[in-house]
Amino acid sequence: MERLRHDDPPRLGPYLTLARLDADSTDGGALPERRYLARTDDGERTVLLCAPLPDAAAPAAWAVEAELASRLSVPRFLRPASQGSEAGLPWYAVPYTPVLPLPAALAAHGGPLPEDLVRRLGAALAAGLAAAHARGQAHAGVSPAAVLLGAAGPLLGCFGAVRSAAPGGPPGLDPGCLAPELRSGGRPEPLGDVFALGAVLAYAASGHTVPEQSELPPGLRRLLASCLARDPADRPSAPQVLHALSTTGPARTPAPAPAPAATPAATVLDEQAPPPLPGRVVAALAAQSGELLASELPAAPPARPAPQKVH
């Protein structure tokens, strides 16, 4: 949690903003949107509240992308539960669960994440992107800041950040996550998401979206290099990335003996259990939840004087 700034809205719709989710600056690049922890006046509902940046997004286009995201039922995509507008500023809200943006998770952990966790994180995100791509939808907003880590696994927010960018303005993404075809003004496509996913996993494994090969774990170098290929035709699809991350890796448990015919065969999707998070990341999630609960406690009423006996 980060303190609100003087230019943050005190309220959006029925929600009072309590704190920022993101730090003012992170090592994960620019932020695609403003994100707040907020609650209703009666304290009954706590939400993650999102709104466009003042200068980096076209509000009407941002609202269109939020509406589209609310109608998508895609695994691992953050799905708006309610939307509205306050003084011309659109917003959407999702029920709150403790989450850390990927840059904050690396900061809490004290550096890059373990390779096995990077693989499980990448497989979960690739599964979500594969489902969206099968429906003809490109996410167009994948970046380190868009990845939210929680106990139930990662969620991918900032849907449509590239599409909702103001004309001629930056989309609020780390430049390392923009595929070459997008930097030259091309239309967001699924293989652009794969490029961005490669940059996100490079960041998770090294702390940089454009690292040197030597900074990456040897077991990830070939896959990430293919995701980050300049020519989209040289990149794997999201299902191929999912398969590669789910079937190979360092010191993985050997495959079990073939099961009886009556037992369904294992698939790569069986790997999609929530990845175990490092202890310091879990502690940061718990601290966020505790701070938020404390901020919602009503002020104690003043003590009343003891009644005086009348003789």
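## Contacts and overall make-up

Contact means heavy atoms within 4.5 Å. Among contacts in the protein chain between residues at least 6 apart in sequence, those that join residues at least 24 apart make up 64%.

This is a predicted model, in which local features need pLDDT of at least 70, side-chain atom pairs count only at pLDDT 80 or more, and totals for chains, interfaces and linings use all residues. Residues are numbered from 1 along each chain as its sequence is written, and side-chain values use heavy atoms, with hydrogens and water left out.

The protein chain has 8 helices and 9 strands. These are DSSP runs, numbered from the N terminus: helices are H or I with at least four residues, strands are E with at least two. The chain has 311 residues, and 49% of them count as buried. Buried means under 20% relative accessible area, exposed over 50%, and partly exposed in between (1.4 Å probe, protein chains only).

## Helices α2 and α5

Helix α2 covers residues 102-109, and helix α5 covers residues 190-206. They pack at an angle of about 15°, with their axes 10 Å apart. Axes are lines fitted to C-alpha atoms, for helices over the stretch in contact, and angles run from 0 to 180 degrees between N-to-C directions. The two helices are therefore roughly parallel to each other (angles under 35 degrees; over 145 is roughly antiparallel, 65 to 115 roughly perpendicular, the rest oblique).

Leu 102, Pro 103 and Leu 106 of α2 make the contact with Val 200, Tyr 203 and Ala 204 of α5. The residues of this contact divide into 6 nonpolar, no polar and no charged. Here Ala, Val, Leu, Ile, Met, Phe, Trp, Tyr, Cys and Pro count as nonpolar, Asp, Glu, Lys and Arg as charged, and the others, Gly among them, as polar.

## Two residues of helix α3

Ala 130 is found in helix α3, residues 115-134. Ala 130 is buried, at 15% relative accessible area. Leaving out residues up to four places away in sequence, Ala 130 touches Ala 238 and Pro 239. The C-alpha atoms of Ala 130 and Val 241 are 9.2 Å apart, though 111 residues separate them along the chain.

His 133 also has its place in α3. His 133 counts as buried, at 16% relative accessibility.

## Cysteines

The structure holds 0 disulfides (pairs of cysteine sulfur atoms within 2.5 Å). Cys 177 is buried, with a relative accessible area of 2%. Cys 227 is buried, at 1%.
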